[in-house]
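Colleague: I have a few labels to check with you. Could you set each one against its definition?

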2 protein chains.
Amino acid sequence: MNASPFSTKERILGAAEALFATHGFAGASLRQVTAAAKVNLAAVNYHFGSKDKLIEEVFRRRLDELNSRRLAALARVAGQASTRLEDVLDAYISPALDLSRHGGGGAAFVRVLARAYAEHNETLRRFLSDNYGHVLRQFAVEFARLLPDLAKDEIYWRLDIVTGALTYAMADFGIIQRKTEVTERTHREQAAGHLIRFAAAGLRNPPLSTAAR
Amino acid sequence: MNASPFSTKERILGAAEALFATHGFAGASLRQVTAAAKVNLAAVNYHFGSKDKLIEEVFRRRLDELNSRRLAALARVAGQASTRLEDVLDAYISPALDLSRHGGGGAAFVRVLARAYAEHNETLRRFLSDNYGHVLRQFAVEFARLLPDLAKDEIYWRLDIVTGALTYAMADFGIIQRKTEVTERTHREQAAGHLIRFAAAGLRNPPLSTAAR
DNA sequence: CGTATTCTCAAACGATCGTTTGATTCCATC
DNA sequence: GATGGAATCAAACGATCGTTTGAGAATACG
């Protein structure tokens with residue numbers, strides 16, 4: 001009866017990803033998810049254990065690859081004298097743009113990421129921080145090297161704001177339809193350029209503490 | 001039994017604002033709201049008619065003043081030869097920063113606004129577009145004047161991305177605690193400066209269509 | 001003061017939520 | 001082809017959801 005080439009688990013993850021992106025984690029019910037995936041309602045608890053575990057798995061499936069790509073890109077520029085702030089930002093942003101370019105739900109996942117930033121759910125934030133906090137930490141080290149005048153605390157909260165704002169901006173690229181005839185690839189690359197300059201300007205501002213005292 | 005100096009309606013609106021900010025519209029139940037407001041459960045439907053109407057009223061209460069301030073600030077710079085892009089962005093951003101500075105739940109509302117950007121709820125988007133779309137439209141007119149090389153469509157979607165990203169960034173200011181001894185006012189003004197330069201850089205990029213063809 | 005209106009309250013409504021159950025089907029292995 | 005674990009299924013669980021009800025308290029007005 002399984003007409004799809006994908007397994008039950010994969011179909012659930014894909015449907016959950018799409019529905020979480022548009023309705024949020026609380027707003028999308030397991031009945032909606034299982035109906036969209038064309039599986040039985042009980043399949044979610046059978047394969048994942050609970051709705052919260054399903055949410056975590058939606059993240060894990062994409063974030064593992066996304067973050068290893070980010071760290072690989074970071075490793076190519078970290079510690080070098082010629083590295084500019086824009087290069088580090090590119091290492092963070094480009095992998096997400098690549099992800100959203102792949103047809104298989106990647107664009108939806110970027111919107112799920114934006115949802116996660118909006119959610120102040122403590123369980124979800126702890127899961128993300130525990131499992132993927134080391135990525136942000138490694139980027140922070142490199143940003144600190146390139147922005148020696150900023151205190152570590154300030155690096156962290158600027159990064160949080162910047163990445164949140166960028167994540168939202170990237171999420172919306174998945175929705176807006178190109179009306180011109182530029183290729184999707186060109187469109188995304190131009191957009192990444194906007195975002196990188198955007199973020200660099202915010203990060204490069206003089207340190208708040210010394211300027212204000 | 002009403003020990004608070006605020007009316008039942010106001011207490012509901014305040015509690016709803018805070019809970020929608022942290023748990024989202026679907027995630028915050030009317031039972032949580034009425035418990036926090038210390039009113040009876042039925043009071044919501046008595047005073048507002050439904051949960052959706054309550055959500056709309058949470059927006060209306062703040063957006064009316066926020067948008068009239070935005071339009072007043074815009075009117076002071078619109079059409080003048082000396083106006084820079086940064087001035088128009090300041091007219092959009094500063095009123096929101098002012099709102100978040102006022103103690104009475106304004107910071108929570110900015111986070112509710114960020115929620116609204118994350119929500120793709122059609123009903124909510126239509127309500128906001130119907131009632132407050134003219135504000136964005138007037139700003140778009142002025143941006144179009146200052147960015148004559150950009151097509152109108154492109155102005156609109158860049159503005160949507162930019163305002164979404166800025167709204168998220170502003171929302172997080174309410175959470176991050178200042179550790180230095182700068183005044184709250186100075187902190188916000190510096191932050192606004194970051195955001196304005198941020199947004200100006202994104203908007204000023206060369207038009208995508210001509211560059212890509 | 002008596003009446004009318006507004007408001008508040010506890011209780012219940014049907015619907016939907018996440019989750020669990022127990023039977024049934026599928027499929028690999030011997 | 002029989003056996004046993006994995007997977008799927010319809011059905012139901014208790015909890016919680018938004019909403020409604022009808023009676024009672026508070027308030028305004030003649």
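Colleague: Which elements each supply at least two residues of the surface near DNA strand C?

Modeller: Helix 2 of chain A together with helix 3 (43-47) of chain B. Helices are DSSP runs (H or I, at least four residues), strands likewise (E, at least two), all numbered from the N terminus. This is a predicted model, where local features need pLDDT of at least 70, side-chain atom pairs count only at pLDDT 80 or more, and totals for chains, interfaces and linings use all residues. Residues are numbered from 1 along each chain as its sequence is written, while chains are lettered from A and ligands numbered from 1 in the order in which they are written.

Colleague: Which residues are closest to DNA strand D?

Modeller: T8(A), N40(A), S29(B), S50(B) and K51(B), out of 17 that surround DNA strand D. Helix 3 of chain A together with helix 2 (30-37) of chain B give two or more residues to this surface.

Colleague: How do the residues of the surface near DNA strand D divide?

Modeller: Into 9 nonpolar, 6 polar and 2 charged. Nonpolar covers Ala, Val, Leu, Ile, Met, Phe, Trp, Tyr, Cys and Pro; charged covers Asp, Glu, Lys and Arg; polar takes the others, Gly among them. The surface near DNA strand C also divides into 9 nonpolar, 6 polar and 2 charged.

Colleague: Why is F198(B) called buried?

Modeller: Buried asks for 20 or more other C-beta atoms within 10 Å of a residue's own; 12 or fewer is exposed, and in between is partly exposed. F198(B) has 27 C-beta neighbours inside 10 Å, so F198(B) counts as buried. F198(B) sits in helix 9 (residues 184-204) of chain B.

Colleague: What is F198(B) in contact with, its neighbours within four places in sequence left aside?

Modeller: F198(A), A201(A) and G202(A). In contact means C-beta atoms, placed from the backbone, within 7 Å.

Colleague: How do you know that the buried residues of helix 2 of chain A are on the same side?

Modeller: The buried ones are V33(A), T34(A) and A37(A). They cover an arc of only 90° around the axis, which puts them on the same side of helix 2 of chain A. The arc is taken over the directions from the helix axis to the C-beta atoms. These residues pack against helix 1 (8-23) and helix 3 (43-47) of chain A.

Colleague: What follows helix 2 of chain A?

Modeller: K38(A), with a positive phi, near 55°. Just after helix 2 of chain B, K38(B) takes a positive phi of about 55°.

Colleague: How many helices and strands are there in chain A?

Modeller: 10 helices and 0 strands. Of the 213 residues of chain A, 38% count as buried.

Colleague: How do helix 4 (residues 51-75) and helix 5 (residues 85-101) of chain A cross?

Modeller: Their axes come within 8 Å and cross at roughly 145°. Axes are lines fitted to C-alpha atoms, for helices over the stretch in contact, with angles from 0 to 180 degrees between N-to-C directions. The contact has 9 nonpolar, 1 polar and 3 charged residues.

Definitions and conventions
Two residues are in contact if their C-beta atoms, placed from the backbone, lie within 7 Å. A residue is near a molecule or strand if its C-beta atom, placed from the backbone, lies within 6 Å of it.
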